[in-house]
Amino acid sequence: LYGIGNSPLTFEFPTEDGATRYLIYQDGDSELGKIGSLTHSRGYIDRVTDTFGGLLVHTGCDDAVSYRHPDVTSRTLDLSRTQGCSYTEGGGKVYTNSYLIRSALENGGYRTAFVTAPTLPFTFSEVGKSAAAGSQRAQRVTLPYAQDNTTVLTYNETTGRYTLSKGGSDVSELLNNRTVSYKNVFVLFADATTYERSDLTQTVLDTESGGTGYYISEGSLTRLTWEYVDGKLIFRDNAGQTLTVNRGNSYISFFKASRKANVKFG
């Protein structure tokens, strides 16, 4: 994983057979070095990208089922169609970097300015203040996407952050070998449908109808709801107000609602 440790927002989405994909958000390319490995896009991932007004950088699309909301206007940069703006390593895995992305944007005539300013799903607490603590202890968050694919986030009281691990090992940003950690953790439960065809199956996650979830930070948990309002993703607290969270980077899990009972907090 290159680039995940420099992202203010990291999303994890389930696909079929218990696999997952990451989506990282960056509000500029000044901090981006090597990025990847990259993979295919899907309509339900595009939907989340759209709420931030972002440009989705990917390599091809593997949507076997057409699933795109008519209001989605997200722009995508498919590097599989842009010669010389990505490269392969290690068995064909695809990577890119800031220079190559800029080149692809220039060659493709892409607009790089926002039409409207991007909006976060939450608001940050005042500088020097913490968001209201949750009522439930949550120093360890276990997200079993599948029996052989579990994400664990463990709270470090010294740093005040949650360390990301997969398969029992901490995840490192390979650009600098630093362990990846987050100030905020969100778990959003979403409905999913699995389609079966003669040649494949595909899971489609509903990332637009809204639902329930959790906000975890500083060792405690708060319940939330999530929804789209005027095309923007919004997290709300128990009073129905936009959720206030601690300042820092965030991990956001879209998790199958049917597997909600498998999520554990300790």
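**Close-up views of a predicted model**

View 1. The 44 residues that line the largest pocket divide into 19 nonpolar, 15 polar and 10 charged. The model shown here is predicted. The volume of this pocket is about 1,100 Å³. Ile24, Gln26, Leu55, Leu56 and Val57 are the lining residues nearest the pocket centre.

**View 2. Strands and helices supply the pocket lining.** At least two lining residues come from each of strand S1 (9–14), strand S2 (20–25), S3, helix H1 (43–51), S4, S7 and H2. S2 gives the most, with 6 residues.

**View 3. Helix H2 packs against strands.** H2 spans residues 98–108. Its buried residues are Ser98, Leu100, Ile101, Ala104 and Leu105. They pack against strand S3 (35–38), strand S4 (55–58), strand S5 (75–78), strand S6 (87–89) and strand S7 (93–96). In an α-helix, residues three or four places apart point the same way, because each turn takes 3.6 residues.

**View 4. The two ends of H2.** At the start of H2, asparagine 97 places a side-chain oxygen within 3.2 Å of the backbone nitrogen of tyrosine 99. Glycine 109 follows the helix. The phi of glycine 109 is positive, near 70 degrees.

**View 5. A cavity lined by five named residues: Pro14, Tyr145, Phe255, Lys256 and Arg259.** A search of the whole structure finds 1 cavity of 30 Å³ or more. The largest cavity holds about 30 Å³ of space. Its lining divides into 3 nonpolar and 2 charged residues, with no polar ones.

Terms used
Residues numbered from 1 in each chain as written. Predicted model: local features only at pLDDT ≥ 70, side-chain atom pairs only at ≥ 80, totals over all residues. Heavy atoms only, no water. 1 Å grid on protein atoms, 1.4 Å probe; cavity = no way out; pocket = protein on both sides within 12 Å on 5 of 7 lines; lining within 4 Å. Points joined across faces, edges and corners; volume = space filled by probe spheres on them. Nonpolar A, V, L, I, M, F, W, Y, C, P; charged D, E, K, R; others polar. Buried < 20%, exposed > 50% of the residue type's maximum accessible area, 1.4 Å probe, protein only. Helix = DSSP H or I, 4+ residues; strand = E, 2+ residues; numbered from the N terminus. Contact = heavy atoms within 4.5 Å. Polar contact = N/O pair within 3.5 Å; in protein donor to acceptor, adjacent residues only side chain to side chain.
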